[in-house]
Amino acid sequence: MLSDRPITPSTLGLKDLPWQICWDKETCQQCGRCTSVCPVNAIELGVFRKREIKTPAGLRTKAQNEYSIYYGIRQRTDPAYACIGCSMCNMVCPNNSIRPQLQDHSTTLKFHNNRGGQPRTRGGRRNSGESLLDQIKFIRISMLTDPALDAGRHEFELRTLLGRVQSPEEGLKTFEEQGWKPPVREIYPLIIGGMSFGALSPNMWEGLQMGVAYLNEELGMPVRICTGEGGCPPRLLRSRFLKYVILQIASGYFGWDEIIHAIPEMKEDPCAIEIKYGQGAKPGDGGLLMWYKVNQLIAAIRGVPPGVSLPSPPTHQTKYSIEEAVAKMIQSMSMAWGFRVPVYPKISASSTSLAVLNNLVRNPYAAGLAIDGEDGGTGAAYNVSMNHMGHPIASNVRDCYNALCKTGTQNEIPLMAGGGIGKSGNLAANAAALIMLGASMVQTGKYVMQAAAGCVGSEADRCNVCNIGVCPKGITSQDPRIYRRLDPEKVAERVVDFYLSFDTELKKIVAPLGRSTSLPIGMSDALGIGDKAAAERLGIKYVV
């Protein structure tokens, strides 16, 4: 007998789904919490018919079937509602009766994510293996010369400079000719990377800001946070906490009107201005805040109608060359704050990074260069961009630092590295490796989401629905029913916790080098790796 359900090209069975729901009928109390909390509606209440064979005593009586009806949990097989493995159902189940289980052999769903001819977009990072940064070892330990320090017994602080650091002669000449000197900020070498107010939920964003304020005002750690594109709440622009914030201006100019109107009323200057030309996770492609997340508040801040998708052009539409970019953007941003605030560009790591850097060296208003590598996270990018485009951050930073060394400006233009730092949880080790390869400071974003708010996304394509606003933890959702799950004060506590632990771990790496007054920027002789090709490419020692 043929089934009355038609078999279509998009019809899948449970075995075709990578995440399958395991449900225990015996312990389930049918409270409905799992179905109500599922962000993608992958499970639903189902009605089941159960057949039991009743065999009476004696051999002459025929066995009979008895049927009973009961309610239970059923997993949907429609690709649009496929389970993402976030495990929220298990978190809320009082009896631990339900959980998602990964089926590694199930790959069919990969070919069903293109409904309506649309390429798949995904939040999170690319699904790649171990990072090259995790393979680097620190091999130079001072013992008889340049005595090593014990990070547990010696008190020292880790600081770096953001801004154009001129030599005394150049600084004096600039001051005599222009009556001005480049602004420089002394900050902590780990910056919370750009995650916009539209990408993150209000509770998540507020928690990050509270944590940064506590680190600065109570613990004396000059930590800075970048706003990402899209502006920020007007009350932050007019508060004293703005000095802990790096304002990002990107190609869409979203939120720029709010910032301009707030300049006369600002109690403090921002720490710096970051002009975003590109993002490492999707180089050459503009950003995208999907309509799911553009609510009334986000629309008001960005100056757009609510409920519309907000794509940013891949580059500023007012510039068509590197030279014009510097002239129009960096200098105009400097002028907006009376040349009191450092201004620097952020670019995607690529083979053209050196061309951008060479132009910045010749401009006295450029305060540095931020480079974002291919393993960086993003709220929404096409799979083809995340998986097949980009440049590794380690070699790109090394090339830029070597170029600065050739011109003798390695101590003048700070490099800021980002993209996949802490991808495997080794945040301090990855940061130290990049600093010794030439970066003056590092940025991280996805690690903050995982450490401070418990993001369940992973490189194995678990969850990763940041782009559609249904984040089960309330980190990247603009729906108040969801983001109210997240306590801003708890987020702030976790931010403080992970910064303190990072500080201890970084000191444990830096102290044996005998460096207590400055970061070991460019100290590549302290690095080694077991990959000969990587050692030659990075100019570090090959160790086996």
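The model is a predicted one.

Strands of a sheet pair through backbone hydrogen bonds, and the pairing may be parallel or antiparallel. The pairing of S6 with strand S20 (residues 527–529) is antiparallel and rests on two bridges. Within this pairing, Lys137 has Gly528 of S20 as its bridge partner.

Another pair of strands shows the parallel sense. Strand S11 (residues 245–249) runs parallel to strand S12, and four bridges join the two. Opposite Ile275 in S12 stands Ile249. How many of the residues of strand S12 (residues 272–276) are buried? Five of its five residues are buried, and the strand is thus described as mostly covered. In a regular strand the side chains alternate between the two faces of the sheet. For S12, one side carries Ala272, Glu274 and Lys276, the other carries Ile273 and Ile275, and all of these residues are buried. Both faces of S12 are therefore covered, given that a residue counts as buried when its relative accessible area is under 20%.

A helix can be enclosed as well. In helix H12 (residues 427–437), 10 of the 11 residues are buried, so the helix is largely enclosed by the rest of the structure. The buried residues of H12 include Leu427, Leu434, Ile435, Met436 and Leu437, and among them are also Ala428, Asn430 and Ala431. After H12 comes Gly438, which has a positive phi near 135 degrees.

With a relative accessible area of 48%, Gln30 is partly exposed. Tyr253, which is not a glycine, likewise has a positive phi, of about 55 degrees. The loop between S11 and helix H6 (256–262) contains Tyr253, and its relative accessibility of 29% makes this residue partly exposed.

A nonpolar patch consists of Leu45, Val47, Ile69 and Tyr71, which together have about 430 Å² of accessible area. Strand S2 (43–54) and strand S3 (64–75) are the elements that give two or more residues to this patch; Val47, for example, lies in S2. A negative patch is formed by Glu206, Asp487, Glu489 and Glu493. Of these residues, Glu206 has its place in helix H4 (residues 202–217) and is partly exposed, with a relative accessible area of 35%. The C-alpha atoms of Gly338 and Glu206 are separated by 29 Å, and the two residues are 132 residues apart along the chain.

Side chains of opposite charge can pair when their charged atoms come close. The structure has a count of 16 salt bridges. One of them joins Arg159 and Glu157, at 3.5 Å from N to O. Are these two partners buried or exposed? Arg159 is buried, with a relative accessible area of 19%, whereas Glu157 is exposed, at 54%.

Glu412 and Arg164 meet at 2.8 Å, N to O. Glu412 lies in the loop between helix H11 (393–407) and strand S18 (415–418), and Arg164 in the loop between strand S7 (160–163) and helix H3 (168–178), so this pair ties together parts that are 248 residues apart in sequence. Both Glu412 and Arg164 are buried. Lys346 and Asp372 form a further salt bridge, at 3.9 Å from N to O. This pair links Lys346 in strand S15 with Asp372 in strand S16 (residues 369–372), 26 residues apart, and both residues are buried. Finally, salt bridges link Lys50, Glu52 and Lys54 in a network.

Note on methods
Residues are numbered from 1 along each chain as its sequence is written. This is a predicted model: local features need pLDDT of at least 70, side-chain atom pairs count only at pLDDT 80 or more; totals for chains, interfaces and linings use all residues. Side-chain values use heavy atoms; hydrogens and water are left out. Two strands pair if DSSP finds at least two bridges between them. Patches are made of residues with over 30% relative accessible area and no salt bridge: like charges are joined within 9 Å, nonpolar side chains (Val, Leu, Ile, Met, Phe, Trp, Tyr) within 5 Å. Accessible areas come from the Shrake-Rupley method with a 1.4 Å probe; for residues, only the protein chains shown count as cover. A salt bridge is a side-chain nitrogen of Lys or Arg within 4 Å of a carboxyl oxygen of Asp or Glu. Lys and Arg count as positive and Asp and Glu as negative; His and the chain ends are not counted. The place of a charge is taken as NZ of Lys, CZ of Arg, CG of Asp or CD of Glu. Buried means under 20% relative accessible area, exposed over 50%, partly exposed in between (1.4 Å probe, protein chains only).
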